[in-house]
Amino acid sequence: GPGGRRCGGELHHGHVVCRKTGGRGWIYLERFITMVVAAMVQETAFQDTVFANEAGLLREIHAGAECLRLAAARAAHQDSGRPTPSAAVGSPSLPHGTLASVFRCFEERLECKRFSAASVDKVLDPALRSANSPSDAAAPAALSDAEIVADIMRTLVAHLGMHWQVLEARRLRRSDRIEKLRTYVVHWSSFSPAYVERIQEGMRLDLLYTMQLFMQPLLLMLVPLLLPYRSPDAGWVDNWMHVLVGNNWIALMCFIFVPQWIQLALGFSMPWTCTVLWPIMTTLVVNAVCPVSLSSFTGFYPFPFTPLVDSITYFGCLPALWYLLPASARTRRAKGKFARAVAAQVLLTAIFCSGYPLLNVGIEKATHVWQTLLYGMIFLGARLMFEKGFNVLLNDLGPDVQPAMFFTAELAYQTALCDFFRNAQDWSIFIVFV
């Protein structure tokens, strides 16, 4: 207020508060509640639960939370008949014992705190002022701040004493859900120094290189679309340009990704027999099966479910990638990483290249709104299944492999999503995705 002075406390829009925050009753109640919340989550999550700009305050809240956690653990062990855990070494002033005794200690500390009318409302309201100024006998009686806070503290302590384990379990479940939500999109640990160094070496400010980086993949994918194809009804012989060039070109652009991903997962560069020879060999094998062999035997062109057939054929070529590695590189550790990397690649192909084309048939044939919504939910659920399976498979491969795999998966997902929307017959499908 006017003429107010600072005396080491905080200056509010009212009386000057000269008392340190640690000695105020209302603030102590807030800190006690924070200790309870911190005690009901894992100790490793303390830094993500409590924030303060004073190290001493963090230590105080951490110590109180640890006391509550240990007391609750003792109670849980006594109820189950298991040995009681020993108290952690800490400050001698920290309360130890049963949960009830720890609560009593906090209540006793509250009695040592002070309360003052720091707000304008408290000063102007006679009833509230009289509670903190007993000399003002003309004003009606009201509960003091100390009585209000003590009553809140007693109610809170009584509820926590009876329901601590239930509340703790509920809080842990909520903490786990928040952690899953926080790490749902992408949660990467630190990249390895070698990976960071390789990225930094490849970073250069060159306009020509940047244009080449963006334009080369686009041109490589557009080339097969500009070739002079015949009508599909003409058969596979008259469509030799698509059979021999277009189909092979598109397959080769897809198969080139596989050894690049595998060598990133293995952590060393693979020889040209894997990065160049294997994609060419796989392309020729896949194309020889479909459309050449199947179309010539059946007379159907384009052959139904070509992506599905090509995916199954490509799976059979993956073991050859391992045997094209030098014998010195085929160690037991490399074999485990190779198996996980291939499993992740198979999962990606099975969902995005095999499962989604089958969903496209279903969404195209859907005649009711509920069918459309069901296919949309299956579409999104398949992606979630891939993300979960991907995380399980790649726990031992480290974060270096995640950018490449997420890029490949996102590319396949967005392509499948465009095709899915193209086949949708009802606008309600957008509700599912929104």
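Helices, as the word is used here, are DSSP runs of H or I with at least four residues, numbered from the N terminus, and Arg173 sits in one of them, helix H7, which covers residues 145-182. The structure is a predicted model, and every value below is computed from it.

- Although 132 residues separate Arg173 from Val41 in sequence, the C-alpha atoms of Arg173 and Val41 are 9.1 Å apart in space.
- Met40 belongs to the loop that joins helix H1 (25-39) and helix H2 (46-49), and this residue counts as buried because its relative accessibility is 6%, where buried means under 20%.
- From C-alpha to C-alpha, Met40 is 7.7 Å from Leu167, a residue that is 127 residues away in sequence.
- Arg24 is placed in the loop between strand S2 (16-17) and H1, and with a relative accessibility of 14% Arg24 counts as buried.
- The C-alpha atoms of Arg24 and Arg114 are separated by 5.2 Å, while the two residues are 90 residues apart along the chain.

**Helix H4**

- Helix H4 runs over residues 99-111, and its 13 residues should span 18 Å at 1.5 Å a residue, which agrees with the 19 Å found between its end C-alpha atoms.
- The buried residues of H4 include Leu99, Val102, Phe103, Cys105, Phe106 and Leu110.
- Viewed down the axis of H4, the buried residues fall within an arc of 155°, so they line one face of the helix.
- As background, an α-helix has 3.6 residues a turn, so residues three or four places apart point the same way.

**Helix H11**

- Helix H11, residues 257-266, is mostly covered, with eight of its ten residues buried.
- Those buried in H11 are Val258, Pro259, Trp261, Ile262, Gln263, Leu264, Ala265 and Leu266.
- Gly267, which comes just after H11, adopts a positive phi of about 90°.

**The largest nonpolar core**

- The largest nonpolar core is made up of 46 residues, and those with the most contacts inside it are Ile262, Phe352 and Tyr356.
- At least two residues of this core come from each of helix H10 (240-255), H11, helix H12 (272-298), helix H14 (318-323), helix H15 (332-365), H16 and H17.
- The element that gives the most to this core is H15, which supplies eleven residues.

**The largest cavity**

- The structure holds one cavity of 30 Å³ or more, and the largest cavity contains about 50 Å³ of space.
- Its lining consists of Phe352, Arg383, Phe386, Glu387, Phe406, Ala409 and Glu410.
- Helix H16 (369-393) and helix H17 (402-423) are the elements that give two or more residues to the lining of the largest cavity.
- Phe352 is named both in the lining of the largest cavity and among the residues with the most contacts inside the largest nonpolar core.

**A cis peptide bond**

- The peptide bond that leads from Cys290 to Pro291 is cis, with omega near 25°, and Pro291 is found in helix H12.

How values were computed:
Residues are numbered from 1 along each chain as its sequence is written. This is a predicted model: local features need pLDDT of at least 70, side-chain atom pairs count only at pLDDT 80 or more; totals for chains, interfaces and linings use all residues. Side-chain values use heavy atoms; hydrogens and water are left out. Buried means under 20% relative accessible area, exposed over 50%, partly exposed in between (1.4 Å probe, protein chains only). The expected span of a helix is 1.5 Å times one less than its number of residues. The arc is that of the directions from the helix axis to the C-beta atoms. On a 1 Å grid over the protein atoms alone, a cavity is a set of points where a 1.4 Å probe fits but cannot get out, and a pocket is an open set with protein on both sides within 12 Å along at least five of seven lines; lining residues have an atom within 4 Å of a point. Grid points are joined across faces, edges and corners, and a volume is the space filled by probe spheres set on the points. A nonpolar core is a set of buried Ala, Val, Leu, Ile, Met, Phe, Trp, Tyr and Cys residues joined through side-chain atoms within 4.5 Å.
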